[in-house]
Amino acid sequence: MAAPASARRPRPLAPPPAVRPAASRKEDGGRVSRGSLAASRALRGAPAPAARSEAGSDGRLAGSMTSRQSLVCGLAAQGLCLLTFILVVDVSARPANHSSTRERAANREESEILPPDHLNGVKLEMDGHLNKDFHQEVFLGKDMDGFDEDAEPRRSRRKLMVIFSKVDVNSDRRVSAEEMQRWIMEKTAEHFQEAVRENKLHFRAVDPDGDGRVSWDEYKVKFLASKGHNEREVADAIRNHEELKVDEETQEVLENLKDRWYQADNPPADLLLTEEEFLSFLHPEHSRGMLKFMVKEIVRDLDQDGDKQLSLPEFISLPVGTVENQQGQDIDDNWVKDRKKEFEELIDSNHDGIVTMEELESYMDPLNEYNALNEAKQMIAIADENQNHHLEPEEILKYSEFFTGSKLMDYARNVHEEF
């Protein structure tokens, strides 16, 4: 589900394309200048075309002079072509855009040390929005990239049927809720394993001395360096207890990160994070304590009356802003409808119209098997056209967009062929 129109941020303008060097001869259709052609003939020993003569030796003399002039002109043109080629090669060998290269490196470094906004296999984003890719994440696991829009449909159908056969443990060509539950838990575990692998690399980036522990000050130096500050100057300022000159927005981010750092620091608190604690800092779904912290943050952001729980109007309330067209209004309407359904059917477990922190934590816990079973039943119900409470090949192909994010056409005609 898309974020509401009033909450969407404008996409930053793409950087201007780098200036391309002038086209080479091959790019220009293979055309060669007349001067170059004359010079090449001279270098190969072929006679240059001579001017016609009407009067004996004068004509021959004129022809000889013309030939020498053509040779000189040809050599000059050849030299000019060679110089142009050298300049073109020199220009094309230089980086096209130094600033974009630096920006890409900075963005990569920042993404390595900042907690991600999106957590695979978790139902809510860090900002409290519904995870619109959740169903694909828990159905496809690490194979999510295999169903992009450019994928060949026949190959995608076959891959989807391979997945179906793996979910269908008893091979009866029907997927039950229990089989889907088991599959969801397996795919969630894949996302967890991927996060652990990535965390090893990210921890190494913030632990330069390799002692297996990272202090808050070490992390802060790396974070500010990723924001464009001079790493050595920041480290010296922190060591000398000098005030850091950062803008208001960066300071606010630092304060939020420090709160999160404290939460990830298991007792006894020493503000030194191990690799496992750093994993909880980046991925709160890996720690019960950090999951509770994430829930508190979401409730704090959505709770309007300060009672530390959420009513339906609070959960479905739209961010402040105005909608300028019908398309934006439709997006907002869908936002409200989807969140209302999620609140009433899945989050509010006792159906009393109020979601407590405990209910929200249970809903968001990716390792909750009861939630996985409810999710399995919901996923089957979406495509269960014959109402037999099972998922069949024709149904999963017809509703492929729900399960994979891609619409696979001609589902009925191809289902037997894929099997």
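## A core of nonpolar residues

A nonpolar core is a set of buried Ala, Val, Leu, Ile, Met, Phe, Trp, Tyr and Cys residues joined through side-chain atoms within 4.5 Å. Keep that in mind as you look at this structure, which is a predicted model. Its largest nonpolar core has 27 residues. Inside that core, the residues with the most contacts are Phe139, Met180, Leu391, Ile396 and Phe403.

Which elements give two or more residues to this core? They are H4, helix H5 (153-167), helix H6 (177-206), helix H15 (369-383), helix H16 (393-398) and helix H17 (400-404). H15 gives the most, with six residues. As a bit of background, nonpolar side chains in soluble globular proteins tend to be buried together.

Let's zoom in on Ile396. Setting aside its neighbours within four places in sequence, Ile396 is in contact with Phe139, Leu160, Met161, Phe164, Leu391 and Phe403.

## The chain as a whole

The protein chain has 18 helices and four strands. Of its 419 residues, 37% are buried. Its accessible surface comes to about 25800 Å², and 51% of that belongs to carbon and sulfur atoms.

What about contacts between residues with a separation of 6 or more? In the protein chain, 62% of those are between residues 24 or more positions apart.

## Two helices that cross

Two packed helices are described by the angle between their axes and the distance between the axes. Take helix H11 (residues 288-302) and helix H14 (residues 357-364): their axes come within 10 Å and cross at roughly 120°. Angles of 65 to 115 degrees count as roughly perpendicular and those over 145 as roughly antiparallel, so H11 is oblique to H14. The crossing of H11 past H14 is right-handed.

Which residues meet here? From H11 come Arg288, Leu291, Lys292, Met294, Val295, Lys296, Ile298 and Val299, and from H14 come Met357, Leu360, Glu361 and Met364.

## Leu124, a loop residue

Leu124 sits in the loop between helix H3 (98-113) and helix H4 (134-140). Is Leu124 buried or exposed? Buried means under 20% relative accessible area, and Leu124 has 1% relative accessibility, so it counts as buried.

Who are its partners? Leaving out neighbours within four places in sequence, Leu124 is in contact with His129, Leu130, Asn131, Met294, Ile298, Leu360, Tyr363 and Met364. Leu124 and Met364 are 240 residues apart along the chain, yet 6.8 Å separates their C-alpha atoms. Some of these partners also turn up where H11 meets H14, including Met294, Ile298, Leu360 and Met364.

Note on methods: Residues numbered from 1 in each chain as written. Predicted model: local features only at pLDDT ≥ 70, side-chain atom pairs only at ≥ 80, totals over all residues. Heavy atoms only, no water. Buried < 20%, exposed > 50% of the residue type's maximum accessible area, 1.4 Å probe, protein only. Contact = heavy atoms within 4.5 Å. Areas by Shrake-Rupley, 256 points an atom, 1.4 Å probe, with all protein chains shown as cover. Axes fitted to C-alpha atoms, helices over the stretch in contact; angles between N-to-C directions. Parallel < 35°, antiparallel > 145°, perpendicular 65-115°, else oblique. Left-handed = near helix turned anticlockwise from the far one by under 90°.
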